[in-house]
Amino acid sequence: MTPSRNLGAAVRSVFSDTTEGFLEIFRNTLALLGIAVACMIVVFLVRPDWRSAGEAQLHAWLQERQHAAAEGSIASEPEAIERTTATNPKALPREQAAIAYWLSKKYKVAAEPMAALVAEAYNQGSQHKIDPTLILAVVAIESRFNPFAQSSVGAQGLMQVMTRVHTEKYEHFGGDLAAFDPVSNMRVGVAILKEYIRRAGSIEGGLKYYVGAANLPSDGGYGAKVLAEYQRIRQVAGRAAPAAPPAQPTTTAAAPAAGAAQTLALASTQPADAAPGATHPDNM
C-alpha cells in the first residue's frame, strides 16, 4: 500500500471516529436532558410549592423582558387626537380661514389650533349674539392666544378669567382646571363678556367691566386696545367698519373707538342673570 493511500485511510478513520464521538455525546446529552426534565416533572408533581415558585420566577422574568423591549418605544394611544384643540384651516369657511391665518402669523401660534379657536369664537358669537371678531380681539389682548397664561393676580387662560371668582361657571366643565382648556375658558369668558355688555349697555362699557375698571374713571387704555384689534380683525375678515353713531360723553379711555363699536352691542333682548365678580380683581 502506497503512503498516499495509508494517509487517506488514516484521515478517514480519524474523521469516522470523531463523527461517532460527537454523535455519542449528542445522544448522551439528549438523554441527560430527558432525565432532567423527567426529574423536574416528578419534583413539581410532588412539590406544588416549588412549581408555584418556578412559575412566579418565570413570569417575573418574562415581564422584565417585556419592559426592556418596551423601553425607548412610544405606547400607542390613538384616542389622543380627541384631546387636541386643532383643526385644518382649509376646512373652515373663507372668512374664518383668513382670520385664522392672519392671527396665526401675528401671534406666532400654529394655524391648526388657531383655526379651532376661530371656529369656536364664531360658534360662541352666534350663540350669544356677539361679533366673533370682538371675542377674538379680547383673547388677543388678554393672552395673545396662550391658553396657559396666568396673570400676577390669578386671571387664567385664553380670556384671563379670574377662576376663583367664577368657580361655579367652571363646574359645568368639570372643575377649575378647565380654565386651562381653551374651549372651556372661551365659553366662560364669552358668557361673562355678554353679561357685562348687557349690564353696561355698550361694548366699550362692557370691556371696562371686563378689565375690572367699572368703578374707576379710566380703564387704562384697555378698551381702546381691544377695539383697535377688533377693527383690524374685521378688516381681515372683509367686513365693513360699523357706522359710527353721534358721539356721546364717556369716562373710559376707549372713547375714540367707542362710537364705532356701539352698533355691535348685544342683539339679545333676554336679560341674563348677573354674573358675580369680574374677570379682574378690581371688580371683586
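User: Which residues is Y107 in contact with, leaving aside its neighbours within four places in sequence?

Analyst: Contact means heavy atoms within 4.5 Å. Setting aside neighbours within four places in sequence, Y107 is in contact with A140, R144, F145 and E229. Before we go on, a word on what we are looking at: this is a predicted model, in which local features need pLDDT of at least 70 and side-chain atom pairs count only at pLDDT 80 or more, while totals for chains, interfaces and linings use all residues. Residues are numbered from 1 along each chain as its sequence is written, and side-chain values use heavy atoms, with hydrogens and water left out.

User: Thanks! Where does Y107 sit, and is Y107 buried or exposed?

Analyst: Start with the terms. Helices (H or I, at least four residues) and strands (E, at least two) are DSSP runs, numbered from the N terminus. Buried means under 20% relative accessible area, exposed over 50%, and partly exposed in between (1.4 Å probe, protein chains only). Here, Y107 belongs to helix α3, residues 94-107, and is buried because its relative accessible area is 9%.

User: What does the side chain of Y107 make a polar contact with?

Analyst: A polar contact is a pair of N or O atoms within 3.5 Å; within protein, one must be able to donate a hydrogen and the other to accept it, and residues adjacent in sequence count only if both atoms are side-chain atoms. For Y107, the partner is the side chain of E229, at 2.7 Å.

User: Now N185: which helix holds N185, and which side chain does a polar contact join to that of N185?

Analyst: N185 is in helix α7, residues 182-200. Its side chain is joined to that of Y170 by a polar contact of 3.2 Å. N185 counts as buried because its relative accessibility is 0%. Not counting residues up to four places away in sequence, N185 touches several residues, including L158, M159 and Q160.

User: You mentioned Q160. Where does Q160 lie, and what is its phi?

Analyst: Q160 lies in the loop between β1 (155-156) and β2 (161-162). Its phi is positive, about 50 degrees, although Q160 is not a glycine. K108 also has a positive phi, about 55 degrees, and is not a glycine; K108 is found in the loop between α3 and α4. As for accessibility, Q160 counts as buried at 5%, whereas K108 counts as exposed at 75%.

User: Which residues touch the most other members of the largest nonpolar core?

Analyst: A nonpolar core is a set of buried Ala, Val, Leu, Ile, Met, Phe, Trp, Tyr and Cys residues joined through side-chain atoms within 4.5 Å. The largest one here has 47 residues, and L103, F145, M159, M186 and Y210 touch the most other members. The elements giving two or more residues to this core are α3, α4, α5 (132-143), α7, α8 (203-210) and α9 (222-237). Take M186: leaving aside neighbours within four places in sequence, its contacts include L117, I135 and L158.

User: And how do I read the whole chain: how many helices and strands are there?

Analyst: Count the elements and then follow their order. The chain has ten helices and two strands, in the pattern α-α-α-α-α-β-β-α-α-α-α-α along the sequence. Of its 284 residues, 36% are buried. Among contacts between residues at least 6 apart in sequence, 62% join residues at least 24 apart.
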